Amino acid sequence: MDHDAGGQRLWTRETRLLLITVGLSLAVLLVLARFRFPDQEPLELPTQPLQRLAARAAFDDLSAAVARAGERVRPSLRIVPLPGPAEARSFSLEDVLWNEPDEPPAPLALAYRFRPDAALMLTQSRVPPSIPPVAGLSIAAVDEVRGFAVLRVEEESGGSWQPLSTSNPLAPQYLLLAEPTQAGVAVRPLFGGAADPFVDPQWNQPILALGRDVHAPDGAFVFSLESAFVGAVINRLGVQAIVPADALVRAAEQLLAEGRRPTSTIDVRVQRLDASLTAATGSPRGALVTEVAPDGPAAAALIPGDVIVAVAGRAVDTPESALLEIARHAPGSPVPLDVRRRGERLQVTVRPRAVRAAGADRTSGALGAALRPDAAGSRVQSVEAGGAAARAGLEEGDIVTWAGDVTAPAPARALAAWEEVPAGATLLAGIRRGGMSLVVALRKPEPPADAPRPADGRGAGTVRD
Amino acid sequence: MDYRETGGVDQLDVNLREAAAPPRLRAIDFLLRTRVALGLQPVTAPAVLFVPLGFVLGPQVLGLLPRTVITHLDPAVTVALAAIGIFIGMGLETGDRENRRLLGAASVQAFLTILTVASATLWLMSQWGLRLDLAAGIVAAVMGIAASVSSASAPDRLGETHRLITRIAEFDDVVSVVAGAIAVAAVGAAGIEHGLLRLGEVVAAGLLAGLAGWLLFERAHSIAERGVFVIGALALIGGAAEYVNGSPLLAGMVAGICWKRLPGRADLIIRNDVSRFQHPLVVLLLVVAGALVEVTPLAIWLLAPFVVFRLAGKVIGAWAASWVVPSLRAGDLAAYLLAPGLLGIGLALNFVQVSSTEVAAAVASAVALGTLASEVLALLAAPGRDRER
């Protein structure tokens with residue numbers, strides 16, 4: 001009886017209504033799911049006269065949207081000051097108040113935090129071996145071919161990550177451009193109206209050209225007005241382009257997994273083909289070899305006048321493409337080149353060598369500067385690339401007026417002061433450059449664990465009489 | 001009687017309630033009869049009148065309300081939303097056991113409606129191959145939340161069943177406002193912490209405005225000064241919520257709860273004073289919503305799941321709510337709750353304010369059109385008086 005009563009309660013008119021409704025809804029759902037949404041129609045211009053008069057509202061809306069999106073993306077961005085000549089400058093009050101700056105401002109880059117512990121940065125120039133610690137970032141991996149670095153976020157908090165864009169950046173639309181300035185991250189609208197894709201040899205995939213009239217600095221980041229990450233601006237052959245966000249993040253993840261990616265070269269110089277050279281060589285595109293280093297990797301394979309038309313089976317249209325394509329191969333690995341020589345097509349194999357990047361010997365304890373005596377101390381006669389002096393910004397002609405506690409040090413005394421600095425510590429030195437007094441920090445890096453110790457501790461620098 | 005959406009009875013309501021249906025409407029009397037059975041006067045569903053009016057005046061048809069004007073009306077829309085939130089907050093009475101049970105039933109039915117509409121919309125959007133410039137989950141959630149709102153007034157002449165159902169229809173706004181505030185906070189938020197922070201800021205703004213109003217209203221030296229305080233409190237709630245890209249409905253609801261719960265007569269003062277300009281604000285909100293309607297393919301495609309699955313969600317929700325309140329019959333409850341309120345339109349407008357995208361505009365259009373369509377469904381599906389128990 002109880003079972004029957006319970007069954008009657010469950011199987012009431014209301015329950016039947018519920019089941020019928022659910023069944024019908026599911027049927028409607030399945031029917032609706034069979035359709036496909038048609039492609040978006042092209043945008044139509046407003047036809048109402050009052051709508052045209054209301055154009056100001058569009059700008060107001062855009063301003064508000066940019067301001068809102070700017071607030072959302074700023075926590076994910078960090079300005080990274082890069083080492084540069086403008087850092088080595090001293091000022092007096094008169095300079096600040098009345099003198100025009102005679103040097104460009106210190107170079108800045110922008111880092112985008114694509115995940116909580118990592119950020120990415122494009123410099124479009126040689127990525128420095130280290131960055132100042134003020135940004136709370138340190139370089140984790142570098143792809144020098146692309147001028148691209150992945151930075152490790154050292155701080156615990158103070159930022160958030162932005163989702164990747166799901167919008168189609170090919171469609172004409174307003175975007176948000178975030179660029180570094182001395183005053184902070186600046187945002188402004190950027191109209192991506194002609195985002196035609198083309199294959200960039202540096203990225204080896206389609207990137208989106210913005211057109212020649214678009215002014216956007218290299219390394220700036222682009223977001224949608226809904227603050228989704230769209231990509232980063234690079235300059236390719238005079239054309240501003242956007243590297244899509246998914247390509248950037250994929251490259252960053254790969255770089256983090258692989259570490260520093262070496263850059264390869266075959267020590268040749270190449271030239272673009274013009275009409276007369278095309279007629280003479282019989283090759284409409286490629287890289288015309290003008291010079292081959294006699295002791296370089298291509299010495300036995302190439303001769304001036306050859307036209308490199310393909311690298312490892314991939315056609316290269318321009319000299320830049322050829323060099324970048326080679327640069328991406330691992331040093332020492334065989335790279336087949338398709339070459340046109342005196343009208344004939346042949347294939348040669350080269351084994352590129354690694355390019356010694358600036359700062360590659362940064363673990364060396366050498367000062368890396370030749371000093372000679374001067375009335376005020378020591379004059380820098382030459383600076384070795386990658387040494388501590390170069391990293392600190394010392395230039396040829398600088399006069400070292402003090403080093404540590406020593407005033408007006410003779411070269412030997414200056415080098416002795418450098419020798420006394422333990423590994424990992426910093427020596428402050430005063431220099432005079434063109435009538436300007438500056439202070440530089442000479443940092444002696446930690447030697448690698450397997451590095452041989454110099455027997456006499458010499459070799460830190462050179463003294464010339 | 002508590003016209004929670006319109007802030008109290010004014011002379012227009014009195015006249016409308018006393019007036020009989022004019023003879024020339026006899027031809028559609030069967031529709032009006034069902035509308036009256038729901039406890040709603042034929043013309044007191046303001047969305048039916050003012051949304052189409054706004055559409056006609058808007059840029060799509062006559063262009064008398066261009067986008068410039070609509071943009072400049074944004075602050076007024078925000079204040080209107082805050083005022084609606086205040087009345088929802090002040091209507092939230094959970095003192096006795098019956099009210100708590102009705103709040104539970106309302107929450108269950110609202111949640112199930114949100115779930116039904118949002119999940120169906122989300123699945124359909126994936127099947128349709130829509131390319132959206134907003135997270136599909138947020139779009140689906142906003143559709144579900146806007147669909148969950150019900151509307152019913154409580155004429156005294158109707159019985160106990162109608163009274164209970166009206167309370168449920170009032171209480172389901174609470175879930176919708178809270179869920180809507182979460183969805184709005186999620187738009188463009190850079191992570192969960194950012195979204196929660198934005199939500200917290202809205203609640204804090206409502207609390208502060210509530211406390212400020214509570215301290216000020218009764219200390220006014222004149223009615224004019226009190227009016228200034230009330231307008232200031234409304235503007236503060238709406239402005240603060242808009243500044244943080246949050247929900248003025250939630251901020252208003254929090255302030256309304258403050259005024260209702262705190263000792264003193266702050267709730268009576270705000271009810272009395274806000275009702276003076278509540279009608280114009282509501283009309284403005286609906287006209288703006290109508291002007292923003294764009295009959296785009298996306299809006300039309302989103303309209304179908306909104307209407308169909310709102311109906312299904314209400315039936316499912318009413319069936320579940322009838323287990324919480326056994327004295328109610330699920331079919332009747334669903335039929336009463338089919339009538340949508342203007343709160344759904346308000347939620348959609350708030351969504352457009354924080355996300356100026358084509359998708360948000362399409363969602364608002366679908367919600368506005370779906371509200372009109374649901375009004376028609378409510379006319380057809382209203383229960384007979386004889387079913388009341």
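The following exercises, with worked solutions, concern a predicted model.

**Exercise 1.** Determine in which sense strand 18 and strand 19 of chain A pair, and over how many bridges.

*Solution.* Strand 18 of chain A covers residues 335-341, and strand 19 of chain A covers residues 344-350. Their pairing is antiparallel, with 7 bridges. One bridge joins Arg341(A) to its partner Glu344(A) in strand 19. The two strands form a hairpin with 2 residues between them. In the turn, Arg342(A) has a positive phi of about 50°.

**Exercise 2.** Classify the relative orientation of helix 8 and helix 15 of chain B, and state which residues make the contact.

*Solution.* Two packed helices are described by the angle and the distance between their axes. For helix 8 (residues 160-186) and helix 15 (residues 342-354) of chain B, the axes come within 10 Å and cross at roughly 10°. Angles under 35 degrees count as roughly parallel, so helix 8 of chain B is roughly parallel to helix 15 of chain B. Helix 8 contributes Asp173(B), Ser176(B), Gly180(B) and Val184(B) to the contact, while helix 15 contributes Leu343(B), Leu347(B), Asn350(B), Phe351(B) and Val354(B). By class, this contact has 5 nonpolar, 3 polar and 1 charged residues.

**Exercise 3.** Identify which elements of chain B have the lowest and the highest mean pLDDT.

*Solution.* Chain B averages a pLDDT of 79, and 83% of its residues score at least 70. Among its elements, the lowest mean, 46, belongs to helix 2 (residues 29-37), and the highest, 91, to helix 11 (residues 248-261). Residues 15-44 of chain B have a pLDDT below 50; beyond near neighbours in sequence, that stretch has 36 contacts in the model. Residues 384-389 of chain B are also below 50, with 9 such contacts.

Methods: Residues are numbered from 1 along each chain as its sequence is written. Chains are lettered from A and ligands numbered from 1 in the order in which they are written. This is a predicted model: local features need pLDDT of at least 70, side-chain atom pairs count only at pLDDT 80 or more; totals for chains, interfaces and linings use all residues. Two strands pair if DSSP finds at least two bridges between them. Helices (H or I, at least four residues) and strands (E, at least two) are DSSP runs, numbered from the N terminus. Axes are lines fitted to C-alpha atoms, for helices over the stretch in contact, and angles run from 0 to 180 degrees between N-to-C directions. Angles under 35 degrees count as roughly parallel, over 145 as roughly antiparallel, 65 to 115 as roughly perpendicular and the rest as oblique. Two residues are in contact if their C-beta atoms, placed from the backbone, lie within 7 Å. Ala, Val, Leu, Ile, Met, Phe, Trp, Tyr, Cys and Pro count as nonpolar, Asp, Glu, Lys and Arg as charged, and the others, Gly among them, as polar. pLDDT is the predictor's confidence in each residue, from 0 to 100.
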